[in-house]
Amino acid sequence: MWGRGGGRRAARSSSRLFATYLLVSLLPLGALATLLLNGGRVDATKQGQDQGMAQAAVIAEMAVAPALDDADLTRGLTEDERESLAKATDLALYHGSVLRMRLRNFAGQVVYSDDGSTSGGVPVSDPAFQSASVGSAKASLVADDSAAGGVIIRVLQPVFARASGEGVGVLELYLPYDKIATRVHEQMRVTYWRLGVGLGVLYLALGLISWSTTRSLRKYAARQEHEALHDGLTGLPNREAFRQRAAAALAAGRRDESGGAVVVVDLNRFKEVNDTLGHHAGDELLRVITARLRSGLRPQDTVARLGGDEFALILPGLGADGVRDLLEALRAVLTSEMVLDGVPLAIEASFGIALYPQHGDDVEVLLRHADAAMYQGKRGTADIVVYAGQRTAQPTQWLVVQAELRHALERDELVLFYQPKVRLSDGAICGVEALVRWQHPERGLLPPAAFLPAAEQSGLIEPLTAWVLRRALADQAAWMSVGRDWTVSVNVSARNLSAADFAGMVEPLLDEFGTVPGRLILEITETAMVEDADAAMAAIHRLVGRGVGFSLDDFGTGYTSLARLRGVPLVELKIDRTFVATVLDEPENQAIVQLDQALHDSLPQAVRDRGAIRFVTDASYAPMESFAADGRTIIGFEPDLADAIGKVLGVRVEIVTGSFQTALDKVADGTYDGVLSAMTDTVDREKKADFVDYFAAGSSIIVQRGNPRGVVDLASLCGQVVAIEKGTSQADLLHRSQSACKAEPMKINEYKTNADALLQLRTGRAVAVLNDFPAAAFLTTDNRSANYFQLASALQYEPGLFGIPFAKNNSQLRDAVKGALDRVISSGAYADLLERWSLKSGAVTSVSINGAVAG
């Protein structure tokens with residue numbers, strides 16, 4: 001509707017401009033035609049005069065001059081000269097090529113005339129006579145009523161003596177002009193036609209050029225108008241167009257006494273799509289969302305893009321219930337799954353509603369109120385929120401709050417209160433949590449909810465956190481000097497953790513106040529772990545290295561799962577109050593809290609004091625790093641699984657490198673708590689340790705990519721060179737299989753590490769290597785090693801259980817880890833890990849202890 005109206009206005013304006021141009025262009029064309037016609041007439045006259053002078057020159061030279069025979073005209077002519085002159089000119093006079101003739105001397109006296117007259121003619125003073133007297137002929141058109149056409153040519157021609165060539169007189173000739181005029185008129189008629197046709201063609205060409213130019217300008221103006229009012233990426237109306245349409249909708253509502261709604265729509269976690277998949281995927285997502293918004297609205301509704309991932313809707317003629325119903329259906333359309341760059345996504349959105357005229361009769365007011373309602377929904381649990389006055393209007397005051405808070409930091413108006421943490425076993429205070437308040441000079445003591453959202457929306461959260469840390473560490477130093485060895489906990493936001501150098505801000509404060517390692521705990525929320533995980537983890541690990549502890553606050557209310565928390569070295573898990581507040585009344589919450597506490601309490605005291613479980617592996621790796629293509633026997637899902645266990649138990653997981661052959665001995669003597677190295681649970685090994693079994697698989701044959709020797713099973717290895725890690729169950733399997741080879745036994749080369757064995761295969765010095773299925777499967781699918789290796793077949797030999805071995809005298813830790821693994825499996829995190837590592841075939845439904853079966 002809006003575009004068509006603008007187009008009609010532009011078309012009318014363009015037509016008027018074209019018509020004006022056509023009329024105005026006639027003026028210069030008419031002037032040009034007049035000028036050309038006048039010039040043609042002047043040229044025709046000149047042509048007639050020139051023709052007359054040429055005829056006069058011929059008569060003077062061929063007839064008059066010979067007849068005079070050098071006569072002296074000042075004395076007149078003799079009779080013979082008269083007779084001779086008459087004979088020479090009679091024929092011209094008779095045929096009418098000469099009408100009248102006079103021969104005059106330089107004094108103007110007529111010495112001869114065709115009619116015998118001796119007077120009349122051009123006065124001697126006439127410039128034409130004077131010019132002819134000095135030898136220059138002159139011609140002019142004169143009126144003569146007796147002549148045909150009423151005009152004749154008068155020529156004053158100088159006469160020269162034949163012998164001397166000197167001028168002797170002036171010949172005054174009157175020649176007919178009618179034939180010349182007829183010929184000139186005919187020429188002029190042709191010229192007029194040519195001129196008319198030429199000017200007509202020129203006018204038409206100019207008209208076409210004008211029409212084409214006007215049309216191009218109209219299209220350009222329409223395009224410029226469209227671009228000025230529409231978003232280039234989605235084609236939707238932009239903010240300015242939205243204001244115009246909203247103003248028109250409000251005016252229509254006032255006329256019809258009807259209402260409607262302005263809705264602000266904001267996509268949730270859109271930044272993650274840009275950061276993860278790239279801006280091209282973000283642009284494609286916006287185009288998909290645009291199409292879904294259009295398809296979910298009525299024809300009379302308007303959707304516009306305000307900027308970024310924010311859209312706005314105009315919904316005329318609907319009340320609050322109608323708007324809610326429409327948006328509920330629209331939300332279902334928006335949140336349906338889509339695929340971008342091969343990644344399935346489900347994008348959610350927050351809707352803020354401002355009704356008109358209830359919530360305002362001005363576009364800007366309605367936008368502010370809808371925006372406030374939308375942000376209220378983002379902070380809460382409802383995706384669709386109707387503006388509800390001051391309660392949802394708070395974000396509109398954030399600019400004021402931010403300005404005042406900046407001054408509050410400068411004037412030291414903030415204060416810290418400390419909430420004690422009491423140890424339940426003896427009732428002693430073991431730590432405190434710093435709680436910031438604002439002593440506002442006008443509004444009194446303000447809680448965090450009155451200013452922290454404004455701080456987190458701006459850069460103020462960083463200086464605010466720095467102020468709280470400095471004050472808390474200073475207070476802690478003061479009370480520790482009098483013997484109160486309390487930890488102090490400080491809340492930090494997701495924005496702090498994702499800041500460029502948050503750890504660089506904390507470390508100087510630790511040095512300044514001499515903070516003892518383990519005495520500062522930073523409390524983070526689950527949101528901090530989902531916004532910028534890489535930056536957050538980098539800051540966390542750096543500060544953990546300085547002895548700072550981390551606590552997960554409000555656990556259970558956000559996005560976090562056990563899988564998401566892998567690798568986060570927490571010292572504390574704070575169960576949200578929604579579980580604790582009703583723990584005495586609701587059995588479900590009792591079970592959750594008791595289970596979390598029981599799992600931690602089930603750990604041996606030494607592990608709890610240390611805050612970590614120590615695992616040994618035969619491969620060097622850092623937590624969260626994937627399995628490298630160097631042949632190590634441990635694969636990525638095991639450290640991920642260990643991290644998940646640590647989260648459930650509330651302790652860190654420390655993994656160190658050791659020898660596979662001595663690992664069980666190191667566990668038995670207490671050097672390590674357990675082994676994480678894809679160790680198969682066997683009857684012999686159970687004599688040294690207790691196994692908590694978490695995975696089922698056998699041994700697989702790995703060959704070079706392309707399988708050049710056609711290996712399909714163990715029998716195919718007879719007569720071939722096979723590389724194997726020394727002391728493994730795979731080495732034992734190969735030796736036992738030799739009996740089937742008979743005349744062509746395998747040549748089994750044993751190496752200290754699996755990496756050495758794989759190197760032999762990769763360089764062609766061995767035909768195959770045997771590995772546990774998980775490691776083999778990973779080596780043959782990971783993009784860093786799949787170019788070199790593949791599975792010989794899907795066969796797995798001597799399938800068994802993989803387990804984590806613990807010392808025989810450490811059943812308490814063994815049982816605690818078993819309980820944690822049961823929790824991980826039941827939570828779905830275990831299945832997620834195996835699916836991520838393409839190992840679903842080895843999943844177990846429950847954890848067992850010492851599940852080896854005697855051969």
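Mentor: A residue counts as buried under 20% relative accessible area, as exposed over 50%, and as partly exposed in between. Cys430 has a relative accessibility of 29%, so it counts as partly exposed. Please keep in mind that this is a predicted model.

Cys718 and Cys741, by contrast, are both buried. These two cysteines are joined by a disulfide, with an S to S distance of 2.1 Å. A search of the whole structure finds 1 disulfide. The angle about the S-S bond is -80°, and the link of Cys718 and Cys741 is left-handed. The two partners are 23 residues apart and belong to distant parts of the chain: Cys718 lies in the loop between E24 and strand E25 (721-725), while Cys741 lies in the loop between helix H24 (729-737) and strand E26 (747-751).

Strand E24 covers residues 689-704 and runs antiparallel to E29, with 9 bridges between them. Within E29, Gly800 stands opposite Ala697. Strand E29 (residues 797-807) also pairs in the antiparallel sense with strand E23 (residues 679-680), here over 2 bridges. In that pairing Met679 faces Gly803 of E29. Strands of a sheet pair through backbone hydrogen bonds, either parallel or antiparallel.

The parallel case is found in an open sheet of 3 strands, ordered E21-E20-E22. Strand E21 (652-657) and strand E22 (674-675) each have a single partner strand and stand at the edges, so one side of each has no neighbour in the sheet. Strand E20 (residues 612-617) is joined to E22 by 2 bridges in the parallel sense, and Val616 has Val675 in E22 as its bridge partner.

Finally, we turn to the cores. The largest nonpolar core contains 46 residues, and Phe502, Leu520, Leu522 and Phe550 have the most contacts inside it. Helix H13 (residues 461-480) supplies the largest share of this core, 8 residues. Leaving aside residues up to four places away in sequence, Leu522 touches several residues, including Leu469, Val490, Phe502, Leu543 and Phe550. There is also a second, separate core of 35 residues, with Ile655, Ala678, Tyr694 and Leu834 among them.

Notes
Residues are numbered from 1 along each chain as its sequence is written. This is a predicted model: local features need pLDDT of at least 70, side-chain atom pairs count only at pLDDT 80 or more; totals for chains, interfaces and linings use all residues. Side-chain values use heavy atoms; hydrogens and water are left out. Two strands pair if DSSP finds at least two bridges between them. Helices (H or I, at least four residues) and strands (E, at least two) are DSSP runs, numbered from the N terminus. A disulfide is a pair of cysteine sulfur atoms within 2.5 Å. Buried means under 20% relative accessible area, exposed over 50%, partly exposed in between (1.4 Å probe, protein chains only). A nonpolar core is a set of buried Ala, Val, Leu, Ile, Met, Phe, Trp, Tyr and Cys residues joined through side-chain atoms within 4.5 Å. Contact means heavy atoms within 4.5 Å.
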